[in-house]
Amino acid sequence: MTNPSRSKSWQKLSTHSQELRGKPVTIASLFVADPARFERFSTRVGEVFLDYSKNLLTGETRSLLLALAEEAGLREAIAAMFRGDVINRTEGRPALHVALRTPLPNASLKVGDEVQNTLNKMEAFVGRVHRGDWTGCTGLPIRTVINIGIGGSDLGPAMVAEALRYWHVEQLSVHFVSNVDPVHMRETLANADPQTTLFVIASKTFTTLETLQNASLARRWFLDNGGDLAQVAQHFVAVTANVPKAEAFGINADNIFPMWDWVGGRYSLWSAIGLPVALAVGMPKFRELLHGARLMDEHFRDTPFERNIPVLMGLLAVWYSSFGGASSQAILPYSQSLNLFPAFLQQLEMESLGKSVAIDGSPVSGVTGPVVWGSAGTNGQHSFHQLLHQGTHLIPADFIGIVNSQHTADSDQHSHLLANCFSQSQALMQGKSEEEAYRELINQGRDEVTARALAKHKVIAGNKPSNTLMLQQLSAQNLGSLIAIYEHKVYVESVMWHINAFDQWGVELGKQLGEKLYGALTATTPCSAFDGSTNGLINHCRK
């Protein structure tokens with residue numbers, strides 16, 4: 001397939017964007033012109049509702065974006081993923097994260113069997129821990145679980161476990177350690193009892209430096225506090241594809257859960273990488289999470305593009321990045337439970353879309369993935385929202401709200417939260433003119449000269465685009481659907497930009513250089529093997 005950026009639809013969108021900028025068109029004016037705009041630019045599936053009416057797009061814009069999707073072969077690209085075709089071309093692999101929650105009729109029977117067998121193994125293990133049948137070295141039940149991983153083996157499960165904290169089982173405390181900085185592990189261990197602590201080591205290769213360093217520190221802590229090597233297997237389990245390495249660490253083969261090369265790390269929370277989530281909330285809730293993702297998989301696969309949430313969100317991202325000059329994307333969940341969601345999406349989007357070479361090996365012709373950032377509302381309103389409102393950058397924002405709080409006794413306070421969410425998206429769109437600011441100041445009793453001077457500083461341009469995603473409630477099922485939306489959105493973007501969303505060679509380079517630099521830091525002679533800055537920093541630290 002040819003690069004979509006050289007298609008007729010791409011050229012039409014380029015012309016259309018220039019024409020739109022040349023007209024006095026604002027998002028607010030589009031609502032005035034079309035009283036039914038909200039209904040025409042919103043869609044839903046299950047308990048997930050998307051309002052994308054506060055975007056700078058007309059009916060013509062949407063039609064052109066949908067035409068681009070067709071000309072770019074998005075329909076076939078979606079079918080290829082669900083068939084299990086090799087779509088990760090640089091590594092010669094399929095990308096079968098959807099097979100972890102949606103049976104693929106054309107994929108091999110072995111994949112389906114492996115998924116179900118792993119879920120059954122997880123269920124049996126979680127049941128033993130929850131019932132107290134799995135005990136530590138002194139016969140006491142497990143009370144603390146510490147997941148040791150990094151990247152996709154940490155961000156996804158940590159985010160989900162935090163989001164579903166309301167449903168955590170009472171008898172377990174679940175923690176996540178990822179940073180190789182020993183402070184992270186030591187502070188987590190400070191409140192743990194070695195007799196009742198279970199470690200989950202999550203590493204596909206069982207060679208990831210940060211994970212192995214933390215796992216070794218955890219094992220030393222266990223041995224230094226009364227344990228012995230023969231008892232390591234009672235306190236350590238693993239999620240890995242490298243069984244021999246895990247066994248050499250001291251983990252019993254029966255307690256090693258599989259990982260597969262057809263699932264990338266940032267897409268793997270649905271697999272045994274989600275074991276700490278299942279331990280935290282129980283297997284029924286974990287299966288609800290999978291079911292929610294499956295609902296979104298089916299929506300993405302089967303729903304016409306004009307009502308397809310991931311497709312629409314992906315096309316809008318391309319619209320702003322490739323035709324509007326936007327270089328970043330704000331993720332604003334108005335839910336404290338989703339406070340780790342922006343960090344999770346940073347990896348999902350930026351590791352997937354941070355590419356400068358197209359699938360055919362040619363340089364990309366424009367920008368690819370945006371810089372993803374954000375935080376939970378309402379905190380962001382008192383920090384970076386100032387830049388969103390009055391800064392000069394174009395930063396599309398995704399607001400994520402929950403209709404019904406699980407804390408029903410605090411419904412009035414939850415209404416304040418939703419009011420803030422809606423008012424921020426309204427303010428981004430509507431802004432405030434100099435004349436409006438001037439009238440406000442006059443009404444406050446300011447004299448005309450002062451009001452005219454100060455009004456210039458209170459102007460808010462408005463016309464800033466945003467989506468609003470609403471979940472009826474923050475359940476495991478709806479969380480699964482929300483995550484799957486962004487997974488599929490990323491795939492849509494990668495097809496439009498003609499890049500591979502499933503490799504990450506830039507990450508590998510950092511790992512390779514890190515190994516060499518570790519040797520230099522621990523050597524006894526002055527370092528001169530690298531560039532002047534790196535040599536200087538190493539020698540500075542060794543003095």
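Asn463 counts as partly exposed, because its relative accessibility is 23%, where buried means under 20% relative accessible area, exposed means over 50% and partly exposed lies in between, as computed with a 1.4 Å probe on protein chains only. The structure is a predicted model, in which local features need pLDDT of at least 70 and side-chain atom pairs count only at pLDDT 80 or more, while totals for chains, interfaces and linings use all residues. Residues are numbered from 1 along each chain as its sequence is written, and side-chain values use heavy atoms, with hydrogens and water left out.

Asn463 has a phi near 60°, a positive value in a residue other than glycine, and is found in the loop between helix 18 (448-455) and strand 13 (466-473); helices (H or I, at least four residues) and strands (E, at least two) are DSSP runs numbered from the N terminus. His498, which is not a glycine either, also has a positive phi of about 60°, and this residue lies in the loop between helix 19 (476-497) and helix 20 (505-521). With a relative accessible area of 7%, His498 is buried. In the loop between strand 11 (371-374) and helix 15 (385-390) lies Thr378, and the peptide bond that leads from Gly377 to Thr378 is cis, with omega near 15°.

Strand 1 (residues 42-45) and strand 2 (residues 48-51) run antiparallel and are joined by four bridges, pairing being assigned if DSSP finds at least two bridges between two strands. Within this pair, Thr43 stands opposite Leu50 of strand 2, and in the hairpin, which has two residues between the strands, Gly46 takes a positive phi near 60°.

The largest nonpolar core has 117 residues, and those with the most contacts inside it are Phe341, Leu469, Leu479, Tyr486 and Met496; such a core is a set of buried Ala, Val, Leu, Ile, Met, Phe, Trp, Tyr and Cys residues joined through side-chain atoms within 4.5 Å. Helix 19 supplies the largest share of this core, with 13 residues. A second, separate core of 21 residues includes Ala192, Ile201, Phe236 and Ala246. When residues up to four places away in sequence are not counted, Phe341 touches Met159, Ile331, Ile400, Leu482, Ile483 and Tyr486, contact meaning heavy atoms within 4.5 Å.

A disulfide is taken as a pair of cysteine sulfur atoms within 2.5 Å, and by this rule the count comes to zero disulfides. The sulfur of Cys541 is too far for a bond, because the closest cysteine sulfur, in Cys527, is 11 Å away. Cys541 is exposed, with a relative accessible area of 58%, whereas Cys137, at 21% relative accessibility, counts as partly exposed.
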